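This briefing is for a reader who is new to the structure shown below. It goes through the sheet, the helices and the cores in turn.

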Amino acid sequence: MTKNYLDSVYELENAEKTRAFYDDWSASYDKEVAENGYATPARAANALAGLVENLKATLLDIGCGTGISGAALHAAGFTELDGTDFSAEMLAQARAKEIYRDLIQTDLRDPLPFPTGTYPNIAAIGILNPGHAPAETLDEILAILPKGGRLVFSLNDHALADWTYVGRLRDNLDAGCATLEFKEHGDHLPKIGLKSTVYVLRKT
């Protein structure tokens with residue numbers, strides 16, 4: 001019997017358990033999320049592509065997993081993609097897709113290892129949620145964007161129910177760190193009734 005990982009992914013309690021869970025899930029991840037109609041990557045990629053002037057500019061896909069987000073970004077026209085993830089097994093699946101220039105194993109509990117301005121565009125699709133990346137990760141990502149750079153990210157219904165995520169977004173907007181260029185609530189995993197909001201921020 002095939003294990004259904006979606007039944008327990010939103011119950012993970014800490015980074016160590018999350019890493020082991022995703023390592024184990026890596027071989028069947030694409031199939032399972034596809035069967036459940038995973039819609040957020042394409043929604044996010046198209047939202048960003050509609051705002052970015054130069055689709056050949058480098059883009060960092062944070063939490064790229066098996067590369068589903070990278071495939072969506074590539075299909076939307078982005079050609080220079082690098083990816084990061086904390087799961088070595090997920091990165092192996094992403095590497096096999098031959099979408100990314102470079103793939104780097106990182107841990108979002110540590111500072112992001114990129115100088116400010118390295119990437120004029122950043123994607124963080126499906127990673128900002130309880131048990132995976134805390135709300136403060138949004139601050140770190142904005143810190144490495146250059147002025148005028150864009151970030152596309154998503155908050156699923158679980159993250160939206162945790163006030164810290166929307167609160168951190170509002171804090172950054174109220175402080176003038178970024179402007180909101182796009183916001184849309186829509187399908188995330190429709191087969192299990194889960195939705196997400198996609199945002200695009202431009203750093204000011």
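How many residues lie between β6 and β7 in their hairpin? There are four residues between these two strands, and G193 in the turn has a positive phi of about 75 degrees. The model described here is predicted.

- Strands of a sheet pair through backbone hydrogen bonds, and the pairing is either parallel or antiparallel.

**Parallel pairing around β4**

- Strand β4 covers residues 121–124 and is paired with β1 (residues 59–62) in the parallel sense, over three bridges.
- Within this pairing, A123 of β4 is the bridge partner of D61.
- β4 also runs parallel to β5 (residues 150–156), and four bridges join the two strands.
- I122 stands opposite L151 in β5.
- Between β4 and β5 the chain passes through helix α6 (residues 137–144), giving a right-handed β-α-β crossover.
- Both faces of β4 are covered: N121 and A123 are buried on one side, and I122 and A124 are buried on the other.

**Antiparallel pairing around β7**

- β7 pairs with β5 in the antiparallel sense, over seven bridges.
- In that pairing, L155 has T197 of β7 as its bridge partner.
- β7 pairs with β6 in the antiparallel sense as well, over 10 bridges.
- Here the bridge partner of F182 is V200 in β7.
- Eight of the 10 residues of β7 are buried, so the strand is mostly covered.

**Helices against the sheet**

- Helix α3 (residues 40–49) is largely enclosed by the rest of the structure, because eight of its 10 residues are buried.
- The buried residues of α3 are T40, P41, R43, A44, A45, A47, L48 and A49.
- What covers these α3 residues includes β1, α4, β5, β6 and β7.

- D61 lies in strand β1 and is buried, with a relative accessible area of 0%.
- Why does D61 count as buried? Its relative accessible area is 0%, and buried means under 20%, so D61 falls within the cut-off.
- Leaving aside neighbours within four places in sequence, D61 is in contact with S69, G70, L73, D82, G83, T84, Y100 and A123.
- For G70, the backbone nitrogen lies 3.3 Å from a polar atom of the D61 side chain.
- D61 and V152 are 91 residues apart in sequence, while their C-alpha atoms are 9.7 Å apart in space.

**Nonpolar cores**

- In soluble globular proteins, nonpolar side chains tend to be buried together.
- The largest nonpolar core has 27 residues, and those with the most contacts inside it are I62, I122, L151, F153 and L155.
- Two or more residues of this core come from each of β1, β4, α6, β5, α8 (163–174) and β7 (194–203).
- Helix α6 gives four residues, the largest share of this core.
- Apart from neighbours within four places in sequence, F153 is in contact with A124, L128, L138, L169, T197, V198, Y199 and L201.
- A second, separate core has 23 residues, among them A47, F78, L81 and V198.

Key:
Residues numbered from 1 in each chain as written. Predicted model: local features only at pLDDT ≥ 70, side-chain atom pairs only at ≥ 80, totals over all residues. Heavy atoms only, no water. Buried < 20%, exposed > 50% of the residue type's maximum accessible area, 1.4 Å probe, protein only. Pairing = 2+ DSSP bridges. Right-handed = clockwise from strand over helix to strand, strands pointing away. Contact = heavy atoms within 4.5 Å. Polar contact = N/O pair within 3.5 Å; in protein donor to acceptor, adjacent residues only side chain to side chain. Core = buried A, V, L, I, M, F, W, Y, C linked by side-chain atoms within 4.5 Å.
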